[in-house]
Amino acid sequence: MSLSATTAPPSHVPPPPEDAPRRRGHLLNRLDLKYSPYLYIAPFFVLFGIFGLYPMLRTAWMSLHDWDMIGDRSFIGIDNYTELIADEYFWNALINTFGIFALSTVPQILLALFLANLLNRTLLRAKTFFRMAIFVPNVVSVAAVAIVFGMLFQREFGVVNWLLSFVGVDQVDWDGQRWSSWTAIATMVNWRWTGYNTLILLAGMQAIPKDLYEAASIDGAGPWRQFWQITIPMVRPTLIFVVILSTIGGMQLFTEPLLFGNGRIIGGDQREFQTLAMYMYEKGIENLNTAGYGAAVAWAIFMIIVLMSLLNFLLVRRSAK
Amino acid sequence: MNLTTRRTRLAAAALAAVVAVGGLAACGNDDDTPAEGEKPAKLVVDTFGEFGYEELVKQYEQQTGIKVELRKTAQLGDYRPKLVRYLATGRGAADVTALEEGILNEFKANPGNWVDLTPLVADHSKEYLPWKWELGKTPDGKLLGLPTDVGSLAVCYRKDLFQAAGLPTERDQVSALWPDWNSFHQTGQKYKQATGKGFVDSITAVSNGVLFQQGTDLFYDKENNIIADTSPAVKTAWETATSMADISAKASTWSQEWFGGFKQGTFAATFCPSWMLGIVQENSGEENKGKWDVAAVPAGGGNWGGSWLAVPEQSKFPKEAAKLAEFLTSATSQVEAFKAKGPLPTNLEALQNEAFLSYTNEYFSGAPTGKIFGEGVAKIEPVHLGPKHQAVKENALEPALRSFENGQASKQKAWEQFVKDAAIQGAF
């Protein structure tokens, strides 16, 4: 990211003065140059330490205990983790999370690429309007989105079932099956995040030098070929970023499925759409006496995100070669 | 702006941020324990929903000169996590804290968090509904909470829909339609034949009603062993509820279908504790005023909800807090609160009060709700709720019932699902 790393202009250090007060000023100036950068970055690291690192380590410590949120606690080593591996509902939540993740991320990024490419056209009118408009869903509160979509996907009076009835589809009980609940939740996620990803990809596309396209045109490459052979390879770093962000978001999916299931933490009567984050909440916060187990679920989510991000990174990087 | 001043300012801003963060970490060490006998300047009361304490608190302030701060949280669902945080971190809890029936048991499991009220208040053990008083005590006899209200149970029904189906509409005749659950089912079948629509909102609402009429152990025995799979009370509720699947509108309580169903008339009857009346009214809207009425619940009795006032161990003024709780739960206060916001009294004297018994509800066709619910209160059978009662009910029993109701599982499979989940949810 060479753009953001602008170096400060060299300060014009005056010739070393002779009298004492001036020397003092010189010393302060040197101290300033040497240590103030650390002070500038300190707020982030201090805040990260308090709100990022400390909770993480504390959660790890909790996960090694049989921990009652408002009562006793005792050290039990890795028992929570061995129990987790044999826990059917944990694997169920993992499958749900990956299912919804696949249904949301893949179409979302494809659509975002397509939209970004459209918005990048030089011929498009009212560019700023469209670029702003596409971001609007992301600004809307996630709870509001989930409630509205919950109404759209209602069984009796929902708009989606009403529209489907015109093409002869029977009333769908959206939260009654895996595929239907996953689809409904993925729709919310897609609606909310496609615009965001579009803007990031658009920024990536605008950094591509125009002469590459001109040269390709002269060589006789059409728009389609230009898209595949210039745009896609050139936005690959941005694409990695978008994929990793989506992965993190997808693994932490919580509010949409929770509100879609009327706020019930088990997400569907047979846990059809309980995600990992919901399972963590069920064990760690709703059930007061299994807080330690909830912490183990939290660490499992963390490890899965790390693994997934590495995998993404390797895949996207490998396909570059 | 030249470079040096800008730099100085930035440095100052950075320093300010660091100091602010450090300050955050440093503050909060205000463990100034008051001297013995010192009078508190202020007591804090935490409630959820509507307890009707606004006027009572003012009276108390005038009588004692102690300021009382009333902290209200709209929904129990938001209230519980706050309370958990206060207890887990050991700070922030109010001096007087309301505990609802469903969450009381899990907080009872750690009695160390609460003050024993027995030495702090006069002996009121004979003044309240006996079962309600007993539930406020921990297994080892510590008095954890003073009783506030109770839900009681009635049936709210739509007169216009009953009429369209050729059923009687007058509330005494409607109550006479269902002396037991079997006749409730038959009435529902008649309604379903005439209209083709669901009669009752959901089978989970039925199971909830039946469960609390049993008057025995539910998911736990007296020693708090989980007996969900063998408990006769649970089995009765299960069988009654599953038999009603054919007359259910499949709109489970608090779901989108349920909220929408009030306006759309997808069901003609639902189960109403007294606090539910406001919710029915709000969701049905002004246009349905006078269409709802209140009748007796099948088989009589039953309860849904109700609370206690407790004093957390972290309160700095346990004596004064206990006195305030005692004041708020007295007979006169309970009648005042009922008149203000409708929570049903649990104090025996309050239940005999004239103003309480003569109260009628205009929205529900002028139904004498004071009398109806007051009579219901007397029929409530005490039940034993174990430590994880709420979790077993909400995360094991009701999902299994809905799986059956929506045709996702056979009755046998649904029961197996319940037994398995009850063991997980009920462990403590």
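**Helix α8 of chain B and its surroundings**

Student: What follows α8(B)?

Tutor: B:G196 follows α8(B), and its phi is positive, near 80 degrees; helices here are DSSP runs (H or I, at least four residues), numbered from the N terminus. This is a predicted model, in which local features need pLDDT of at least 70 and side-chain atom pairs count only at pLDDT 80 or more, while totals for chains, interfaces and linings use all residues. Residues are numbered from 1 along each chain as its sequence is written, and chains are lettered from A in the order in which they are written.

Student: How far apart are the end C-alpha atoms of helix α8 of chain B?

Tutor: They are 21 Å apart, which agrees with the 21 Å that 15 residues (181-195) should span at 1.5 Å a residue, the expected span being 1.5 Å times one less than the number of residues.

Student: And which residues of α8(B) are buried?

Tutor: B:W181, B:F184, B:T187, B:G188 and B:Y191 are buried (20 or more other C-beta atoms within 10 Å of a residue's own, with C-beta atoms placed from the backbone). They cover an arc of only 115 degrees around the axis, so they lie on the same side of α8(B); the arc is that of the directions from the helix axis to the C-beta atoms.

Student: What do the buried residues pack against?

Tutor: The buried residues of α8(B) pack against α7 (171-177), α9 (203-211) and α10 (232-243) of chain B.

Student: Switching topic, how many residues of chain B are in contact with chain A?

Tutor: 30 residues of chain B are in contact with 28 residues of chain A, contact meaning that C-beta atoms, placed from the backbone, lie within 7 Å. On the chain B side, α1(B) gives the most, with seven residues.

Conventions:
Contact = placed C-beta atoms within 7 Å. Helix = DSSP H or I, 4+ residues; strand = E, 2+ residues; numbered from the N terminus. Buried ≥ 20, exposed ≤ 12 C-beta atoms within 10 Å, placed from the backbone.
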